[in-house]
Amino acid sequence: MPSIFTPIPPEIERKAPGTGGKPPVDRRPTGGGGGGGDDEWKSPRRGPREALHRTRAFVFCALAGDMMFFVVLVTLFYARQVGTRMDPETFRQIGDWHPVLLPPILFLNTALLLLSSLTMERARQHIFREFDVLEEWLGLGRPALRRTLPWVGATLGLGLLFLIGQITAWKQLTAEGFAFDRWATPASYFFYVITGLHAAHLAVGLVALLFCLCALTRLKRVESRQIAVDSTTWFWHAMALAWLVLFTVLVLGQ
């Protein structure tokens with residue numbers, strides 16, 4: 001009678017993960033709870049770089065709306081120049097736009113504001129300087145902070161000088177008989193409106209600079225300080241560009 005042999009299954013050699021054979025499968029969570037760790041760092045929706053990009057996008061959208069406001073203001077400036085009124089004696093339409101001689105201090109104010117934009121850009125470059133940021137990450141000191149603070153402080157000082165210069169220009173124009181009251185001419189009225197609204201925006205920028213200084217001294221994470229300086233810098237650049245356009249309109253547009 002033939003013997004029946006049961007095949008013996010081959011012995012499977014079990015190997016510890018990482019010592020040979022196929023590598024272990026990296027199972028990553030696909031949803032639910034917080035996995036934390038390396039997965040969060042590699043996620044494209046998280047991290048300091050993505051936070052900086054989101055903040056920039058918000059600032060740029062806000063500045064785009066603000067720039068449209070100044071565009072409308074310039075359009076009204078030119079539209080009012082061609083406006084006419086009826087002369088009660090001759091019953092004819094006549095123009096009532098009389099150009100205003102701008103105070104010379106406005107040229108100095110323009111130079112101060114452009115210089116402040118350069119100092120703020122220097123502050124932004126220092127806070128993003130890779131070697132200094134790396135030292136802060138390694139806990140070797142705060143060189144980025146030390147290099148950035150003086151430039152932000154210089155920008156704040158130049159901005160204050162610009163506002164003081166604007167107030168001086170308003171006083172000079174008032175002394176020449178062009179006060180901002182019901183007897184103001186259309187040209188002087190638009191001068192006060194244009195320079196006053198821009199000064200109000202720049203005052204907001206000064207407040208942002210103060211918050212930026214507080215953030216630099218109080219925030220511990222260098223990424224948060226970078227976002228604060230970067231956002232303030234772009235706002236300040238926008239105000240400098242807006243004033244350059246408005247000042248050119250006031251000088252050449254009359």
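These legends go with a set of close-ups of one predicted model. Residue numbers run from 1 along each chain as its sequence is written, and side-chain values use heavy atoms, with hydrogens and water left out. Since the model is predicted, local features need pLDDT of at least 70 and side-chain atom pairs count only at pLDDT 80 or more, while totals for chains, interfaces and linings use all residues.

View 1. A search of the whole structure turns up three salt bridges, a salt bridge being a side-chain nitrogen of Lys or Arg within 4 Å of a carboxyl oxygen of Asp or Glu. One of them pairs D230 with R56, with 2.8 Å between the closest N and O atoms. D230 sits in helix α7 (residues 222-252) and R56 in helix α2 (residues 48-81), so this pair ties together parts 174 residues apart in sequence. Helices here are DSSP runs of H or I, at least four residues long, and strands are runs of E, at least two long, numbered from the N terminus. D230 is buried at 1% relative accessible area, whereas R56 is partly exposed at 23%. Buried means under 20% relative accessible area, exposed over 50%, and partly exposed in between (1.4 Å probe, protein chains only).

View 2. D230 lies in helix α7 and R124 in helix α3, so the pair links parts 106 residues apart in sequence. R124 counts as buried, at 17% relative accessibility. Through shared partners, the salt bridges connect R56, E121, R124 and D230 into one network.

**View 3. E121 and R124 within helix α3.** This salt bridge has its closest N and O atoms 3.0 Å apart. E121 and R124 are three residues apart in helix α3 (residues 105-127), about one turn of the helix. An α-helix has 3.6 residues a turn, so residues three or four places apart point the same way. Both E121 and R124 are buried.

**View 4. Helix α5 and what comes after.** Helix α5 (residues 143-175) has 33 residues and spans 49 Å from its first C-alpha to its last, close to the expected 48 Å; that expectation is 1.5 Å times one less than the number of residues. After α5 comes G177, with a positive phi near 100°.

**View 5. Two annotated segments.** From the UniProt record (unreviewed entry), "transmembrane region" features include residues 149-169 and 189-213; such annotations may be inferred rather than shown by experiment, and positions follow the numbering used here, with feature names shortened. Residues 149-169 are 100% helix and 0% strand, and their end C-alpha atoms are 31 Å apart. Residues 189-213 are likewise 100% helix and 0% strand, with 36 Å between the end C-alpha atoms.

**View 6. L216 and V152.** L216 belongs to helix α6 (residues 186-218) and is buried, with 0% relative accessible area. Its C-alpha is 9.8 Å from that of V152, although L216 and V152 are 64 residues apart along the chain.
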